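Please read each point beside the model.

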Amino acid sequence: MAKKTGKFEWGEATKSSWIDISIPLRDKMVHWPTDPVPRITRLKDRDKGDPVSLMEMQIIDHVGTHIDAPLHFIAGGKTIDQMPLNATIGRARVIEIKNPKAITLKDVIPHNLRRGERILFKTTNSTRCYKTDEFVEDYVYFSTEVAQHLADRRVRAVGLDYISIGTPSDRENIHNTHQILLENDIYVIEGLNLAKVKPGRYELICLPLLLYRGDAGPARAILKPV
Ligand SMILES: [Zn+2]
């Protein structure tokens with residue numbers, strides 16, 4: 001068997017009709033500024049003579065691509081191990097938002113969201129924000145009105161292409177966007193990379209790690225056009 005060397009190429013494992021829209025977990029990868037730095041290191045290394053290779057991960061449950069469970073903001077809310085499997089598996093719609101600042105009602109209403117839909121928002125974040133491991137503060141986020149609209153339309157799950165659905169420049173926005181979606185049991189996928197995905201209809205598979213009583217779960221997310 002050919003020995004695999006060299007750097008990880010994003011998408012190298014995705015030469016099929018499935019498109020990987022997750023972010024690789026890496027040491028010191030981009031993270032929320034007040035959260036601990038992700039530590040992912042090779043503890044034992046076969047290439048350095050150890051009998052086995054092993055990695056050690058010290059991460060919080062909101063690192064990289066992940067799903068927020070209601071408990072993240074709601075006292076007594078459901079935990080990630082209680083999430084219905086079909087919340088984030090099945091038909092999904094990718095909607096492209098060109099607004100470079102925020103996703104506003106005006107951007108979303110023309111897309112006529114329907115009850116039960118899984119909606120992934122592709123913004124300029126996907127091509128702009130993952131070029132660096134530094135936290136990009138001015139990413140495109142959900143306005144509070146959009147979170148309310150998603151809840152009113154009773155969508156099943158929503159996704160965004162950066163670390164959080166709210167903006168770090170407005171505590172109230174962070175709180176309200178999460179509160180509104182999570183109290184309606186709408187599962188929130190954060191940290192997607194939709195750079196390679198065109199707007200349209202897809203089959204989505206996204207599952208969080210089965211973290212016992214987790215308020216979130218790191219996830220792998222893939223899409224296939226339908
Ligand atoms: Zn989160």
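1. The model is predicted, so local features need pLDDT of at least 70 and side-chain atom pairs count only at pLDDT 80 or more, while totals for chains, interfaces and linings use all residues. Residues are numbered from 1 along each chain as its sequence is written, and side-chain values use heavy atoms, with hydrogens and water left out.

2. Helix α3 spans residues 144-152, and its buried residues are Val146, Ala147, His149, Leu150 and Ala151. Helices (H or I, at least four residues) and strands (E, at least two) are DSSP runs, numbered from the N terminus. The cover over the buried residues of α3 includes β6 (102-103), α1 (105-108), β7 (118-122), β8 (141-142), β9 (157-160) and α4 (171-183). After α3 comes Arg154, with a positive phi near 55 degrees.

3. A nonpolar core is a set of buried Ala, Val, Leu, Ile, Met, Phe, Trp, Tyr and Cys residues joined through side-chain atoms within 4.5 Å. The largest such core has 23 residues, and Ile103, Phe121, Phe142, Leu150, Val158 and Leu181 have the most contacts inside it. At least two residues of this core come from each of β7, α3, β9 and α4. The largest share, four residues, is supplied by α3. Another core, of 21 residues, lies apart from it and has Ile21, Ile67, Ala87 and Tyr187 among its members.

4. With contact taken as heavy atoms within 4.5 Å, which residues does Val158 touch beyond its neighbours within four places in sequence? They are Ile119, Phe142, Leu150, Leu181, Ile186, Tyr187, Val188 and Ile189.

5. A salt bridge is a side-chain nitrogen of Lys or Arg within 4 Å of a carboxyl oxygen of Asp or Glu. The count by this rule is eight. One of them joins the side chains of Arg220 and Asp20, at 2.6 Å from N to O. Arg220 belongs to strand β12 (residues 216-225) and Asp20 to strand β1 (residues 19-20), so this pair ties together parts 200 residues apart in sequence. Asp20 counts as buried because its relative accessibility is 15%.

6. Glu117 and Arg93 form a salt bridge whose closest N and O atoms are 2.9 Å apart. Glu117 lies in the loop between α1 and β7, and Arg93 in strand β5 (residues 89-96), so the pair links parts 24 residues apart in sequence. Both residues, Glu117 and Arg93, are buried. In the salt bridge between Arg128 and Asp138, the closest N and O atoms are 3.1 Å apart. Arg128 is partly exposed, with a relative accessible area of 31%. Shared partners join Arg93, Glu117 and Arg201 into one network of salt bridges.

7. The zinc ion has as protein donors His62 (ND1), His66 (NE2), Asp68 (OD) and Glu190 (OE), lying 2.1 to 2.3 Å from it. Donors are N, O and S atoms within 2.8 Å of the metal (3.2 Å for Na, K and Ca); water is not among the atoms, so sites may look incomplete. Along the chain the donors follow the spacing H-x3-H-x1-D-x121-E. His62, in the loop between β3 (54-58) and β4 (66-68), and Glu190, in strand β10 (residues 187-190), are 128 residues apart. Glu190 counts as buried at 2% relative accessibility, and His62 is buried with a relative accessible area of 13%.

Note on methods. Buried means under 20% relative accessible area, exposed over 50%, partly exposed in between (1.4 Å probe, protein chains only). Contact means heavy atoms within 4.5 Å.
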